[in-house]
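Subject: Structure handover

Dear colleague,

I am handing over the structure below, followed by notes on what was found in it. Please read the notes with the structure open.

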Amino acid sequence: MKKSLKKILSLGLISALTVSLLAGCGQKSGSDSTEFIIGGLGPLSGEAASYGISVKQGAEIAINEINAAGGVKVGDQTLTLKLNFKDDEASGETALSAYNTLMDEGAQALLGTVTSGAGLAIGEKIAEDGILQVTPSGSAAGLTEWPNAFRLCFTDPLQGQTMARYAVEDLGLKKIAVIFNNADEYSTGVKAAFVEEVAALGGEIVAEESFEKGAVDFKTQLTKIKGTDAEIIFAPVYYGDAAFITTQAAELGMSLPYLGSDGWDGVLAQVVDPAVLEGAVFLSPFLATDENPAVQAFVKAYDEAYKAVPDQFAADGYDTVYVMKAALEKAGSTDSEALIAAMTEIQVEGLTGSVTFTAEGEPNKGAKFVQITNGEYTLVK
Amino acid sequence: MGSVLEQLINGLGTGSIYALIALGYTMVYGIAKMINFAHGDIIMVGAYVLYVTVVQFKLPVIAAVAITITFCAVLGITIEKIAYKPLRKAPSLAVLITAIGMSFLLQSLALLIFNANPIAFKSIINVKTVKIGDIAVSGVTLVTLLVTLICMIALSLFISKTKAGSAMRAVSEDKAAAQLMGINVNKTISMTFAIGSALAAVAGILFVCQYQSIKPTLGALPGIKAFVAAVLGGIGSVPGAMIGGVLLGVIESISKAYISSELTDAIVFGVLVLVLLVKPSGLLGKNRIEKV
């Protein structure tokens, strides 16, 4: 009696398990629906939250635009796009669990990650799953080493080289101090290329100071820089650190000009007194005051939806959605392999410039320099 | 030469904030024989209270500072009453875990109320940078040094000269004997938490004026550094915490400036290990034989 009860029970359990497994499968392959689900990953909370929120909102504008215009024609059917964006707190561990949730919820391509560190941590896993990944703003060199991974923004090394040429050739400044975060791939990546290029151009790095993640006190490093004959400070850091550095340098009575990296975008909102940022120049693919009509239309839509001025990350998010749309149209299918193959054949006229992709996953596009003047971002050239 | 002096002053500035926080760790340890890991987060609470009173309620600075200090002192007493007092007879590990839990609770509450985005906060200390020759010292650093000095003198006088201070010393020597002598142990412990938390509030105020940015995890790093400072100086010893904090700040600053900014933490902790090897109870700690 007891034995048979056990048998019935185990049979029941097994069948329940099988059913739930099958149900899981059913959810995963939503290919017959008329929706194409783009998974999104980026920090919506924490120090880098402003990047993730901007990318998400920019992407939402693009998706609403595309869906309002009738969706995407893929082969013989028309699909609407849907964005499922999760918070990865710019951390590798959180990104991995958020990515797994996205895949369980049926993501068919990944827009992300927004930051480099999180992307490096999960790149291998995404490559195993084989879906198309386009990072709007992750700039570490290693992010595109997988065949399914593409990027929309500049790489760290390219950014470092460009800034080095700007400092030495355009500004004619040869004595440069560098301050960077030695626990961050982005910061060290830009710095390494910058230092190398400055040396190649005949400039001199007179101070190379580092700090750890989460540091709030930069006075020691800045005092050291103050003691050198540096003519300019290069700080390839995120906006939060940039705010600390510039504010504390002003307190120490320093008035050296700054060069930043694209992580500086958003720095104006983080300082109490914008005068400490006066004259700083950083690289950015997008500027909201650009007179290009497409940019102005985007700025207007963004302001209506979120009551805010979009930054480069919002534009990156917006462009990434259009890149995915172009890939879908070119491939004529939602199959991941076909989408990945289509990536190298498309050209997208985006807000951040006209872009094509190499087989290595890198973008071909130009750079813009942004300067902070009178508490505003302005285009340099 | 000017630059050496500047680096020393930088180190004294951060060091004195560490010292203020370390005082709270060491006093609580001396009296309650527990490490209050939620102490670092009191700094964060202080920073947010200051932000709310100054920016949102637009109160005058002095009132805001008074409210901040009172709020933190009351919070310290409340935490002790709710979380630690029921565990006074429990194994010390249980109290330690509770303290860590309390730390997470405070951080998560701040996350819920203010969310994770850092808030830019304009310093309430408006003292101009002072220049002596080539040496520039920021006004906030000067005020920090001054305030810390005043707090330390006041605390030392309080502990050595007042009745309540002797009660604190008596309780830290021997709780049971102090009780027999007619000292209200509960009241003394509450007072210790209140003073420790009030000092943390002062540290919090100085911290946000120095760095002008507030976020929920703001207390974590200075909290840990101050704990190291307390151990370095000899945990349980009040002058030890002061010396430990200032020393830690100066070592940090000098090693960043003249050895390597990447090795700073390794050097700081290396010094700690060395001190503990030579003098396991810390610089000014008492070598006590454990009673069985």
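Into which domains is chain A divided? Chain A has a domain 1, made of 35–154 + 290–365, and a domain 2, made of 157–284. Please keep in mind throughout that this is a predicted model.

**Domains of chain A**

The C-alpha centres of domain 1 of chain A and domain 2 of chain A are 29 Å apart. Between these domains, 13 residues of domain 1 are in contact with 13 residues of domain 2. On the domain 1 side, the elements that contribute two or more residues are α4 (116–129) and α10 (312–331) of chain A. The most comes from α4(A), which gives three residues. By type, the residues on that side of domain 1 are six nonpolar, five polar and two charged.

**Contact between the chains**

Chain A meets chain B through 28 residues, which are in contact with 25 residues of chain B. On the chain A side, β8 (204–211), α7 (219–226) and α8 (239–251) of chain A are the elements that give two or more residues. That side of chain A consists of eight nonpolar, 13 polar and seven charged residues. For the complex, the predictor gives an ipTM of 0.70 and a pTM of 0.73.

**Confidence in chain B**

Chain B has a mean pLDDT of 89, with 97% of its residues at 70 or more. Within chain B, the lowest confidence is in strand β3 (residues 135–137), where the mean is 79, and the highest is in helix α3 (residues 61–84), at 95.

Two packed helices are described by the angle between their axes and the distance between the axes.

From α5(B), the contact uses B:Val140, B:Thr144, B:Val147 and B:Cys151; from α8(B), it uses B:Leu199, B:Val202, B:Leu206, B:Cys209 and B:Gln210. The residues of this contact are seven nonpolar and two polar, with no charged ones.

The residues in contact are B:Phe158, B:Ile159, B:Ser160 and B:Lys161 of α5(B), and B:Gly165, B:Met168 and B:Arg169 of α6(B). They divide into three nonpolar, two polar and two charged.

**Two phenylalanines of chain B**

B:Phe71 is in helix α3 of chain B. Is B:Phe71 buried or exposed? B:Phe71 is buried, because 21 other C-beta atoms lie within 10 Å and the cut-off for buried is 20 or more. B:Leu23 is 48 residues from B:Phe71 along the chain, and their C-alpha atoms are separated by 18 Å.

B:Phe114 lies in helix α4 (residues 92–114) of chain B. B:Phe114 has 17 C-beta neighbours inside 10 Å and so counts as partly exposed. Apart from neighbours within four places in sequence, B:Phe114 is in contact with B:Tyr48, B:Ile119 and B:Pro216. B:Phe114 and B:Ile214 are 100 residues apart in sequence, yet their C-alpha atoms are 9.8 Å apart in space.

**Backbone details in chain A**

A:Gly112 and A:Thr113 are joined by a cis peptide bond, with omega about -5°. A:Thr113 belongs to the loop between β4 (109–111) and α4 of chain A.

Positive phi values in residues other than glycine occur at A:Glu89, near 55°, and at A:Lys307, also near 55°. A:Glu89 is in the loop between β3 (77–87) and α3 (92–104) of chain A, while A:Lys307 is in the loop between α9 (293–306) and α10 of chain A. A:Glu89 counts as buried because there are 21 C-beta neighbours inside 10 Å. A:Lys307 has 7 other C-beta atoms within 10 Å and is therefore exposed.

Regards

Note on methods. Residues are numbered from 1 along each chain as its sequence is written. Chains are lettered from A and ligands numbered from 1 in the order in which they are written. This is a predicted model: local features need pLDDT of at least 70, side-chain atom pairs count only at pLDDT 80 or more; totals for chains, interfaces and linings use all residues. Two residues are in contact if their C-beta atoms, placed from the backbone, lie within 7 Å. Helices (H or I, at least four residues) and strands (E, at least two) are DSSP runs, numbered from the N terminus. Ala, Val, Leu, Ile, Met, Phe, Trp, Tyr, Cys and Pro count as nonpolar, Asp, Glu, Lys and Arg as charged, and the others, Gly among them, as polar. Domain bounds come from an automatic or database domain assignment. pLDDT is the predictor's confidence in each residue, from 0 to 100. A residue is buried if 20 or more other C-beta atoms lie within 10 Å of its own, exposed if 12 or fewer, and partly exposed in between; C-beta atoms are placed from the backbone.
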